[in-house]
Amino acid sequence: MTWIILANAKKRRARVAMTVAGIAIGVATLFALLALSAGIEQALDREIGAMGANILLLPEGCPYELTLALMQGSDAFEHIPTDVLPDVRSVADVAVAAPVAVGKAKINGQLTSLYGATDEILAVRSWGIDTFSGAIVGSDAAEKLGVAEGDRLTLRLYANEEIVIDAVLEPTYGRDDTFVFVPLAVAQRILGLGEQLSAILVRTRSVTATATTQSTLGRMSDIQAVPPSDVFERLMELFATVKQTLILITGIAIVAGVLTTMNTMTMAVYERKKEIGILRALGSTKVNVFRLFVTESLVLSLVGGVAGVILGFVATQFLPQSSGFGLEATPVFSFLHVVICLLVAIVVGVASSLYPAMSAARTQPIKILREL
Amino acid sequence: MMNTRPSLRIPRMLFMPLIVLASSLGAGGVEPLRLAGDDWSVPAIPTDAARSPSVTGIIEIRGAGNLTFDPWEIEPLRDDLFAPGHFSVFDVLVDLSARGEITLAYHYDHELQTHVIDNLNGLEGWWYDAHYEGGTFDRTALRMDTFPVKDGMSITLFLEDPERLSAIEHHFRDEVTRLAENKGILIIPEIILRSAAQELAFYDIEVISHDVRPDVFQPGALTALDVLLSLGEMGHLDELGLEFRDAQPDIEVVDGYFVVAISADGFLPEETGACVLTQQISGSIIAEHLKAHTHTTSHIHLTGDLEALVSPESIEWLWVCL
């Protein structure tokens with residue numbers, strides 16, 4: 001059987017190649033979609049986790065937009081008055097309340113995210129730094145600005161100031177890498193925020209106290225208390241709708257692959273009637289013929305599947321690495337994705353071969369031999 | 001010309017900020033209107049419902065803090081657009097400058113058909129955002145000298161990303177060019193009506209003024225609501241329901257016409273409840289610099305009757321429900 005399949009593939013190279021390509025494109029789309037989706041989920045999870053807070057205190061407005069702005073280091077225009085801080089800190093289970101002010105400013109002449117914070121930021125981030133009086137620069141920002149520890153930064157927007165770099169962070173592989181952290185008062189002056197804050201990052205004394213603390217904080221005026229996990233879930237729900245659309249498009253590509261393969265196999269049956277007749281005359285049963293065509297289709301689909309996985313991997317390297325939420329998301333590859341893609345290829349192979357294989361199996365040898 | 005096609009369902013979650021507002025809509029002091037057939041005229045707002053700004057307002061200017069203004073002291077630069085007693089966000093800046101609270105250099109740009117800030121407090125590249133009571137900042141791309149001020153509104157002036165500012169200017173310039181090419185007639189290349197499951201598009205629609213808000217704008221002013229009224233007059237709409245609301249629970253000043261019902265051949269929103277039609281002016285240049293429409297809470301408040309038009313490339317109406 002292997003010999004027959006190989007001989008047929010060799011004889012009809014162009015058609016086989018096009019069939020494999022059709023399947024490969026569908027599988028590649030699926031593989032890329034799975035890798036990018038997993039990457040986006042991981043990026044969101046990482047960024048929300050990296051904030052280091054159990055509860056985000058945000059200004060009134062859309063909590064998802066405000067959280068995204070905070071993660072991206074953008075100014076959301078809605079702010080919290082600084083004078084709510086003592087009330088927040090007085091809530092029983094609040095262990096840390098880190099006020100932050102974020103926005104983009106010209107740093108050494110380049111538009112860069114400025115993140116103003118107090119020493120409390122060190123309690124919610126895991127940087128391994130004990131003091132915070134000058135600037136702490138993320139690894140990517142340091143590279144972009146061409147600066148190192150001890151250098152001076154010029155900050156400019158609504159005010160002009162200079163500040164010395166205390167430390168350059170080791171890569172965190174998150175958005176912190178792109179920020180320049182400065183003392184809160186400096187950021188407020190540069191960003192023209194006066195006494196206002198972008199958010200307050202709250203860490204509770206215990207995880208079990210999160211719900212009650214959120215409820216207490218949520219009753220304060222001018223602010224909303226949002227658990228980052230809720231934001232993550234909502235954003236993933238939002239992404240799920242986009243993903244559904246992409247899956248639909250992928251499904252269409254795969255159906256096109258099925259039809260292409262079915263067409264190829266049907267044509268193969270038509271062209272190889274003589275071969276089928278001889279096989280049947282030499283003793284091959286209907287089941288043998290059926291199995292031959294199903295196997296041939298499966299082989300083509302599997303080759304297409306493997307090619308699709310490789311093609312999908314290559315394609316993801318050239319796609320823009322953004323989640324659509326303004327966060328960088330590197331595609332995540334897993335063995336499970338490869339298995340899913342190959343299973344889809346197998347299903348394509350089987351589905352597309354059933355009709356042609358049955359048609360081949362039904363061929364009457366005597367009728368074919370008479371036509372010879 | 002019109003065209004129907006199915007649209008993707010927009011997740012209800014995106015409407016959440018709008019739903020909160022829409023669900024709290026209350027009745028206004030003016031009789032609701034059902035426009036249909038040959039009559040698409042809207043009677044003027046009764047004098048007792050036609051309020052103009054009357055209490056001290058606050059404007060945030062980044063780097064300068066929150067500054068106050070007295071509406072009684074403000075004269076509109078655009079008296080060709082605003083009726084007496086009304087003025088724009090830009091007029092507030094001019095007033096602050098006249099009082100020495102800020103330093104402001106500006107000029108009227110005929111190519112953009114708007115006043116432009118050259119320098120504010122020694123800095124260049126300013127833009128603004130504004131919303132009425134109960135809304136949120138919207139990343140507006142509307143001319144500052146046409147955005148009407150109401151009591152209790154929030155205004156912020158900030159240094160805009162140069163790329164976005166450039167896109168806004170480009171968008172305005174395109175509008176003025178389009179208007180000139182159409183010999184001063186407002187013709188909108190694309191109008192889309194969208195609900196969660198339906199979409200209806202109209203192309204190259206000429207819009208005429210219906211003077212729906214003579215209390216706010218001068219006669220002949222063109223607003224977003226005129227787009228729907230013009231569609232109605234052309235026979236593209238079967239019915240339009242308008243409701244003037246002066247206030248809502250927790251919102252003292254609304255003063256705008258809400259589109260609470262609409263039907264057309266190929267567009268009959270199936271969602272019911274507390275629903276309104278919100279609008280978004282757009283165009284190829286500006287589209288990527290606008291917030292997703294579903295987040296434009298202030299469009300609930302910047303109702304179509306208060307959004308003055310020049311000559312937009314497109315306008316999209318979205319049916320938003322609880």
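With 13 C-beta neighbours inside 10 Å, Asp222(A) counts as partly exposed. This residue belongs to a predicted model. Asp222(A) is located in the loop of chain A that runs between α8 (210-218) and β11 (223-226). The backbone at Asp222(A) has a positive phi of about 75°, although the residue is not a glycine.

A positive phi also occurs in chain B, at Lys183(B), where the value is about 55° and the residue is again not a glycine. Lys183(B) is found in a loop as well, between α3 (162-181) and β9 (187-194) of chain B. Lys183(B) has 7 other C-beta atoms within 10 Å and is therefore exposed.

In chain A, helix α2 (residues 13-50) packs against helix α12, and α12 covers residues 335-361. Two packed helices are described by the angle between their axes and the distance between the axes. For α2(A) and α12(A) the angle is about 150°, and the axes are 10 Å apart. An angle over 145 degrees counts as roughly antiparallel, and α2(A) and α12(A) are therefore roughly antiparallel to each other. The crossing of α2(A) past α12(A) is right-handed.

The residues that meet across this helix pair can be listed for each side. From α2(A) they are Ile23(A), Val27(A), Leu30(A), Phe31(A), Leu34(A) and Ala35(A). From α12(A) they are His337(A), Ile340(A), Cys341(A), Val344(A), Ala345(A) and Val348(A). Sorted by class, the contact of α2(A) with α12(A) contains 11 nonpolar residues, one polar residue and no charged residues.

Val339(A) is also part of helix α12 of chain A. Val339(A) is exposed, because 10 other C-beta atoms lie within 10 Å and the limit for an exposed residue is 12 or fewer. The C-alpha atom of Val339(A) is separated by 9.8 Å from that of Val309(A), and the two residues are 30 residues apart along the chain.

Strand β4 of chain A comprises residues 110-117 and is mostly covered, with six of its eight residues buried. β4(A) pairs with strand β3 (residues 94-107) of chain A through eight bridges, and these two strands run antiparallel. Within this pairing, Val102(A) stands opposite Tyr115(A) in β4(A). β3(A) and β4(A) form a hairpin with two residues between the strands. In that hairpin, Asn108(A) takes a positive phi near 50°.

β4(A) also pairs with strand β8 (residues 179-183) of chain A, by five bridges, and here the strands run parallel. The bridge partner of Tyr115(A) in β8(A) is Phe181(A).

Chain B has 322 residues, of which 47% count as buried. Its secondary structure comprises five helices and 14 strands. Contacts in chain B between residues at least 6 apart in sequence were also examined, and 70% of them join residues at least 24 apart.

Four strands of chain B form an open sheet, in the order β4-β3-β8-β7, with mixed pairing. At the edges are β4 (65-69) and β7 (126-131) of chain B, each of which pairs on one side only. On average, neighbouring strands of this sheet are turned by 25° against each other, direction ignored. Strand β3 (residues 57-61) of chain B pairs with β4(B) in the antiparallel sense over five bridges. In this pairing, Asn66(B) in β4(B) is the bridge partner of Glu60(B).

A helix of chain B, α2 (residues 89-98), lies across β3, β4, β7 and β8 (154-159) of that chain. Relative to β4(B), helix α2 of chain B runs at about 95°.

The two chains also touch each other. In total, 15 residues of chain A are in contact with 13 residues of chain B. On the chain A side, the largest share comes from helix α9 (residues 228-271), which supplies five residues. By class, the side of chain A that touches chain B has six nonpolar, five polar and four charged residues.

Notes
Residues numbered from 1 in each chain as written. Chains lettered and ligands numbered in written order. Predicted model: local features only at pLDDT ≥ 70, side-chain atom pairs only at ≥ 80, totals over all residues. Buried ≥ 20, exposed ≤ 12 C-beta atoms within 10 Å, placed from the backbone. Contact = placed C-beta atoms within 7 Å. Axes fitted to C-alpha atoms, helices over the stretch in contact; angles between N-to-C directions. Parallel < 35°, antiparallel > 145°, perpendicular 65-115°, else oblique. Left-handed = near helix turned anticlockwise from the far one by under 90°. Nonpolar A, V, L, I, M, F, W, Y, C, P; charged D, E, K, R; others polar. Pairing = 2+ DSSP bridges.
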